[in-house]
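Please look through the structure below with this report beside it.

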Amino acid sequence: IADFIFTRCAGVCPLMSAKMRTLQEKLGAHPDLRLVSFSVDPARDTPEVLSQYAERYQADPLKWLFLTGDKEQIYRLSAQHFHLGVAEIPQEEREALDQAVQHSSKFVLVDKRGKIRGYYDSESKAALEKLAKDAERLLGAKS
């Protein structure tokens with residue numbers, strides 16, 4: 001299960017990360033489960049910053065990864081591979097410092113071969129329940 005967040009976001013990101021933690025708790029017994037949060041603000045979200053953020057959300061480092069890298073590659077990954085929009089908000093258009101990046105709030109279910117199996121609205125309880133069921137079904141499937 002993948003999502004795109006950034007640590008200084010005061011909007012949807014903390015809610016997404018809290019819901020990701022709930023998914024970790026619900027599905028964590030499955031040995032093949034991996035949760036991956038990609039930072040869309042790699043200039044600020046260093047490995048150290050992401051590590052502290054992961055601790056805040058009680059992320060199991062064997063299950064839930066927080067990844068950063070080259071900004072252009074991450075934006076390309078979001079747009080071209082996950083088909084999710086992402087864009088830096090120009091400084092003059094930001095209402096607050098935590099509005100550096102506009103990005104999707106969807107969770108993406110990906111199978112072990114890298115095929116996207118579904119998109120889920122992180123703000124919908126019903127969508128998150130469906131994500132958990134779909135993930136359980138996928139985790140139970142033999143390859």
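## Salt bridges within helices

Arg-21 and Glu-25 are joined side chain to side chain by a salt bridge, with 3.8 Å from N to O; the term stands for a side-chain nitrogen of Lys or Arg within 4 Å of a carboxyl oxygen of Asp or Glu. Both residues belong to helix H1, where they lie 4 residues apart, about one turn of the helix. Helices (H or I, at least four residues) and strands (E, at least two) are DSSP runs, numbered from the N terminus. Arg-21 counts as partly exposed at 24% relative accessibility, whereas Glu-25, at 55%, counts as exposed. In these terms, buried means under 20% relative accessible area, exposed means over 50%, and partly exposed lies in between, with a 1.4 Å probe and protein chains only.

This is a predicted model, in which local features need pLDDT of at least 70 and side-chain atom pairs count only at pLDDT 80 or more, while totals for chains, interfaces and linings use all residues. Residues are numbered from 1 along each chain as its sequence is written, and side-chain values use heavy atoms, with hydrogens and water left out.

A second pair is found in helix H4 (residues 125-140), where Asp-134 and Arg-137 are 3 residues apart and so separated by about one helical turn. Their side chains meet in a salt bridge at 2.5 Å, N to O. Asp-134 is buried, with a relative accessible area of 12%, while Arg-137 is exposed, with 56%. Salt bridges with shared partners bring Lys-130, Asp-134 and Arg-137 together in one network.

In the whole structure, a search finds 6 salt bridges. One of them is formed by Asp-41 with Arg-8, whose closest N and O atoms are 2.9 Å apart. This pair links distant parts of the chain, 33 residues apart, since Asp-41 is in the loop between S2 and helix H2 (47-56) and Arg-8 is in the loop between S1 and helix H1 (12-27). Asp-41 counts as buried at 8% relative accessibility, whereas Arg-8 is partly exposed, with a relative accessible area of 22%.

## Buried charges without a partner

Which charged residues are buried yet have no salt bridge? Asp-3 is one of them, and the nearest side chain of opposite charge, that of Lys-19, is 11 Å away; here Lys and Arg count as positive and Asp and Glu as negative, while His and the chain ends are not counted. Asp-3 has its place in strand S1 (residues 2-5). With neighbours within four places in sequence left aside, the residues in contact with Asp-3 include Met-16, Met-20, Phe-38 and Phe-107, contact meaning heavy atoms within 4.5 Å.

Lys-63, in the loop between H2 and S3, is likewise buried and without a salt bridge, the nearest side chain of opposite charge being that of Asp-60 at 6.2 Å. The side chain of Lys-63 does reach the backbone oxygen of Gly-28, at 3.4 Å.

Strand S2 (residues 35-39) has 5 of its 5 residues buried, so S2 is largely enclosed by the rest of the structure. Both of its faces are covered, with Leu-35, Ser-37 and Ser-39 buried on one side and Val-36 and Phe-38 buried on the other. In a regular strand the side chains alternate between the two faces of the sheet.

S1 and S2 run parallel and are joined by 4 bridges, and Ile-5 stands opposite Ser-39 in S2; two strands pair if DSSP finds at least two bridges between them. S2 and S3 also run parallel, with 4 bridges joining them, and Val-36 has Leu-65 in S3 as its bridge partner. Strand S3 (residues 64-67) has a covered face, made up of Trp-64 and Phe-66, and an uncovered one with Leu-65 and Leu-67.

Within helix H3 (residues 71-81), the residues Ile-74, Tyr-75 and Ser-78 are buried. They cover an arc of only 100° around the axis, which puts them on the same side of H3, the arc being that of the directions from the helix axis to the C-beta atoms. The face of H3 turned away from the buried side carries the exposed residues Glu-72 and Gln-80. Just after H3, His-83 takes a positive phi of about 60°.

Notes. A polar contact is a pair of N or O atoms within 3.5 Å; within protein, one must be able to donate a hydrogen and the other to accept it, and residues adjacent in sequence count only if both atoms are side-chain atoms.
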